[in-house]
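My entries follow in the order in which I made them.

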Amino acid sequence: MAYITTDKDIKSLIKFKDIRQINTGNINNMRSGGLIICIVNYGSAEIENYYAENLINYSNSGAAFILSENASLIVRNLEINKIKGNSIDGLLLNTYNSNTVKFSAYNFTLSNLYQRSDRTTAALLWLEEKTNVYIEDLIYITTFCNVEINGLEVNNFFSKTPVEFIQMNVGGDMELTSIKFNKLKIFNINSQGTLIRILHGKLLLTNSTIKNIHKCNLDNSCKNFKNNDNSLIQTNILRTGLGCKITIENTIFDNIYGENGFRSLPDTTITLTNNTFSNSYFKSGLIHIDNEYIDEVISGSFLIYNNNFDNIKSDYGSVINIKILFKNSNTRINVNDSIFKNNVASKFGGVIYSSSLYTNYSVSFNNCIFINNYAKIGQIAFSLNKDSEPKFSNIDELREKKGLISTNPTKLILSNNITNNISLLSSDLFPSGVLCNIYDDYNNIISFNTDFSNIEFNEFMFFGIESNDTYNVELKGQTQSYCWGDSCEFPSVKIIGNPGKYKIRLKINTFGKFFQFKDNYVDIPVEVKTCNDPYINQYKESNKIKSCYKPKCDFGCNTGSCVNINNKNNPMIKGGSVDFLIIILVGLIFNILYSFLLTVQRTTTRCYLIYLLNNIVYMF
């Protein structure tokens, strides 16, 4: 609409009032934005009661306002409906070559914002170098900026790439770098990307409402171009750098979906007071902690007072998800006087999940109320063991109700009351129906999914059967199996052994969806008895250990008796040895020669042979 430039020595102020601007831009190869106004040098302007619609630049910057150098702009009662751009700047305000740029705005309403750039960009404001912004009844910032935004409402924003809706990237004195939001309303953000990113400095967010964020994650319909920075997509509310100070008070977060909510680096303090988090899904928890990677240690201190967490869903730990936490970590999560209601983890830890041995050093819940939270294991909390679980001021009360507090499996125990050794002969089958169960540190029995249509291979807990003396005992058959339902059953393997006492061990080899635990085996005493009559003791199924078995014939022995496998002894038949068989064979050969001579022309010699062979055959 306007381009303003003024020299330093000229004191002038241009005012615009009661203006409607419709269908600006949308021209091929437009070079820059300032679709409402561009002010450079020492220009100064005021805008009041302004409505704009369809501000479009498909080729470059779509910023409504561009300010440079010492420009100054005051805006009152501004409403913009549908603004589109294709650059890395903000759609509302873009500053460059700033010296003392000043921008003040009162009573803003923005709807239907579209940033089409394929590169990482700002959503609303791009502020550089000593810019002072005050917005009353987001943002890229560098170098000593103080920003106050009061009463800003943004509804329906879309970006072609994952975008940080508000970004502050500054260095230097933290007291000179801050951003404050009051009565901020952000609704219907349809693009992936962090809402607020503070790389250094202070953030204050009060009396605000943030709702319907990244709902495309619900049905995997997000259409943003991929970005190499995975954390840009994974973090959905706040991402910080080192040493930031974050305060969020009296704010509602509702219907937010994605990987996690907060992602902060060491020495950052996040204070949450009187907020409500509701009806949201974070795959790895609202607050995510992971010290595993040196290049990005996800840590920080969280001070939480009087917050409501209602209907937050996750796979592991809906509100707090701790992956790796070192003993010397400066991570602290102190939750006080807060309510956790109807939160659900589809797997472990309805409210908090931890796979660290040192969570007890860093996490505490004081005077908190837990109502109707759920997970398959640990309806409130899941930890590696009792010693590593977070501190609860009402832990005794929570432990009274079975299943609220659970841990990783810690032991394997026989479920059968076997008081004596199992006695058997070499090559006998191990008795069927011998079971053992897996328990956590609270003696809760661990159950496994039995629905093949709803279980993944890596969730199976596999085990093996072995002997404590492989020289004297061999196991034949299925020595590998898996736990099913609520038990692990010894397979009926065949035990081939020399007489003596041994132990047969069931040992967990892979732990599926759980973590490895120390007491992961159980032994059963087995005695192999001496082989006596009527059993036969000889090498049969092993080359080094004899089997003990009864003779068996697959066909009836009639009047004889079975003396081995398919070998019988008939008292009416003598000469059943090898020598006897040789005699029969020789007789058959003579009989064949006799038959042959009968078929050829006879001579005196042949007649003698026929007579001789005929009589010899009868001898056999």
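**Aromatic cluster and ring pairs**

I started with the rings and found that ring pairs link Phe253, Phe262, Phe277, Phe302, Phe309, Phe340, Phe365, Phe370 and Phe392 into a cluster. I note here that the model is predicted.

I then looked up the total, and the count comes to 26 aromatic pairs. I took Phe309 and Phe340 as an example: this pair is stacked, with 4.9 Å centre to centre and 10 degrees between the planes. I checked where the two rings sit in the chain. Phe309 is in strand β28 (residues 308-316) and Phe340 is in strand β31 (residues 339-341), so I logged the pair as a link between distant parts of the chain, 31 residues apart.

Are these two residues buried or exposed? I found both Phe309 and Phe340 buried.

My next pair was Tyr316 and Tyr353. The stacked class needs planes under 30 degrees apart and the edge-to-face class needs over 60. Tyr316 lies in strand β28 and Tyr353 in strand β33 (residues 352-354), so this pair ties together parts that are 37 residues apart in sequence.

I looked up accessibility for each partner. Tyr316 has 21% relative accessibility and therefore counts as partly exposed, since buried means under 20%. Tyr353, at 9%, counts as buried.

**Charges over rings**

I went on to lysines placed over rings. The charged end of Lys386 sits over the ring of Tyr442, at 4.8 Å from the ring centre. I also noted Lys540, which lies over the face of Tyr549, 4.5 Å from the centre of that ring.

**Cavities**

I looked up the largest cavity and read a volume of about 40 Å³. Which residues line the largest cavity? I listed Phe157, Val163, Phe165, Ile189, Ser191, Gln192, Gly193, Thr194, Leu195 and His214. I sorted this lining into 5 nonpolar and 5 polar residues, with no charged ones.

The second largest cavity holds about 30 Å³ of space. I found it lined by Phe448, Asn449, Ile455, Glu459 and Lys513. How does the lining of the second largest cavity divide into nonpolar, polar and charged residues? My entry reads 2 nonpolar, 1 polar and 2 charged.

Methods:
Residues numbered from 1 in each chain as written. Predicted model: local features only at pLDDT ≥ 70, side-chain atom pairs only at ≥ 80, totals over all residues. Heavy atoms only, no water. Phe/Tyr/Trp six-rings, centres within 6.5 Å; stacked < 30°, edge-to-face > 60°. Helix = DSSP H or I, 4+ residues; strand = E, 2+ residues; numbered from the N terminus. Buried < 20%, exposed > 50% of the residue type's maximum accessible area, 1.4 Å probe, protein only. Lys NZ or Arg CZ within 6 Å of the ring centre and 35° of its normal. 1 Å grid on protein atoms, 1.4 Å probe; cavity = no way out; pocket = protein on both sides within 12 Å on 5 of 7 lines; lining within 4 Å. Points joined across faces, edges and corners; volume = space filled by probe spheres on them. Nonpolar A, V, L, I, M, F, W, Y, C, P; charged D, E, K, R; others polar.
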